[in-house]
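Notebook open, viewer open. I'm jotting down what I look up as I go.

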Amino acid sequence: MGTPTTPISRNADDGLLCGFWYPAIRSSEIHGGELRQVTLLGVPLVVGRTAAGNPFAMRDACPHRGIPLSDGNFDGKLVECCYHGWKFEPVSGQCREIPSLMPDSRLNPEKIYAKAFPAEENDGYLWVYIPDPEAPSVPTPPAPRLPVFSQRYKITQLAADLPCHVDHGIIGLMDPAHGPFVHQAWWWRTRRSIREKEKTFEPIPNGFRIIPHAPSANSAPYRLLGVYGKPITTQIDFVLPNMRFEQIHCGDYWFSSRTTVTPVTASHCRIDFCAAWNIFAHVPFLLSIFRFFGSRFIDQDTQTMIKQARGLKHNPPLMLIDDADRPAKWYFALKAAYQESRRTGEPIKHPIAGPTTLHWRS
Ligand code: FES
Ligand SMILES: [Fe+2]
């Protein structure tokens, strides 16, 4: 089973994965013909939505002399650079006009492109696909979508900025051992409720799954579902590059959530939590109640990561232990396997051979 502890490498490259979709900004933060500046994987982007409703994302640098396009004007169709007035169609990035050109100029502006990225709006986010510069011919996969299981449902989003590398955000997400210490609250669980856990994981494409099981009895929200009197199952998936999906089913009732940890730069990331459900549809103010408790929960993680960032500034040696940190080890192994497959062009060699049962106390 190898050594009981694994040091976390501190000298890797920036470890940010290209070739994936990332949520760039909430849809509700883009108003009319506004240009918004965002950063993904250290790349500055200008994003927005055309008057025809098409989302777009371009590198936030004019291909002429590099001034941010987000400082320009946008009429709902074309983005005009604030320096020399070149105009760009923002979905394709194609230049449509160079005002300084004489009518008889042989330069065709339409052969010039600002760098445009695939963009799509799903689940209340504008998603941007960051292609892998090493594998430019890999086709763009469909943008992620939160699984939902009925026609009518409620959906909400919460977010928090974390001052750490995305890897720490992600392994915090899949780390079962911090629950009793970080997420103590009368309405959730207490430190005294710590007990032995046994969960079986299995490999899925680009990730792993905690196979459907009855949720742990020491979490109050799951106990609440007991009012429906049907068996409750929960299934948790982690999928590269940064997504944790959780589905809870109880008869026809369901709750589905996706947490993503998005690399903004090598030293900052953002948690986006998106949840949809059809449970307790009759309870008034449920959305507000959910958002209240949900944001408290995320804030507990955020405060912890702010403290952790203070410690990590001094580059201390770190370790991952069995079994509570095994999912984190799998995450690093999956990342390495993905990068290797991009390098060789071979299919990804999944680091998890088959179903594996882990034990820990939380
Ligand atoms: S820098 Fe943008 S038009 Fe010249
Ligand atoms: Fe947490």
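**Sheet**

I started with β18 and β19, which pair in the antiparallel sense over ten bridges. My terms: strands (E, at least two residues) and helices (H or I, at least four) are DSSP runs, numbered from the N terminus, and two strands pair if DSSP finds at least two bridges between them. Across that pairing, Arg-258 stands opposite Cys-274 in β19.

Ground rules before going on. This is a predicted model, where local features need pLDDT of at least 70 and side-chain atom pairs count only at pLDDT 80 or more, while totals for chains, interfaces and linings use all residues. Residues are numbered from 1 along each chain as its sequence is written, chains are lettered from A and ligands numbered from 1 in the order in which they are written, and side-chain values use heavy atoms, with hydrogens and water left out.

Next I traced the open sheet of eight strands: the order is β13-β19-β18-β17-β16-β15-β14-β21, with antiparallel pairing. β13 and β21 (356-361) are at the edges with a single partner strand each, so one side of each has no neighbour in the sheet. From one strand to the next, the twist averages 20 degrees.

**Helices**

What does α4 touch when it packs on the sheet? I find β13, β18 and β19, with the direction of α4 at about 20 degrees to that of β13. Contact here is heavy atoms within 4.5 Å; axes are lines fitted to C-alpha atoms, for helices over the stretch in contact, and angles run from 0 to 180 degrees between N-to-C directions.

I checked the length of α4 too: its 27 residues should span 39 Å at 1.5 Å a residue, and the end C-alpha atoms are 38 Å apart, which agrees. The expected span is 1.5 Å times one less than the number of residues.

For burial I use under 20% relative accessible area as buried, over 50% as exposed, and partly exposed in between (1.4 Å probe, protein chains only). Buried residues of α4 include Leu-286, Gly-294, Ile-298 and Met-305. Their cover includes β13, α1 (166-173), α2 (179-182) and β19. Ile-289, also in α4, is partly exposed at 37%.

Helix α5 (residues 326-344) got the length check as well: 19 residues should span 27 Å, and the end C-alpha atoms are 26 Å apart, which agrees. Among the buried residues of α5 are Trp-330, Tyr-331, Leu-334 and Tyr-338. Just after α5, I noted Gly-345 with a positive phi of about 80 degrees.

**Aromatics**

How many aromatic pairs does a search of the whole structure find? I get 19. Rings of Phe, Tyr and Trp (its six-membered ring) pair if their centres lie within 6.5 Å; planes under 30 degrees apart are stacked, over 60 edge-to-face, the rest tilted.

Phe-149 and Trp-254 have ring centres 5.6 Å apart and planes at 75 degrees, so they are edge-to-face. The two are 105 residues apart: Phe-149 is in the loop between β12 (125-130) and β13 (154-162), Trp-254 in strand β18 (residues 253-265). Phe-149 is partly exposed at 39% relative accessible area, whereas Trp-254 is buried at 1%.

Phe-273 and Phe-290 have centres 6.3 Å apart and planes at 20 degrees, so this pair is stacked. Phe-273 is in strand β19 (residues 268-277) and Phe-290 in helix α4 (residues 286-312), so the pair ties together parts 17 residues apart in sequence. Phe-273 is buried, at 15%.

I also logged one aromatic cluster that includes Phe-201, Phe-238, Trp-330 and Trp-360.
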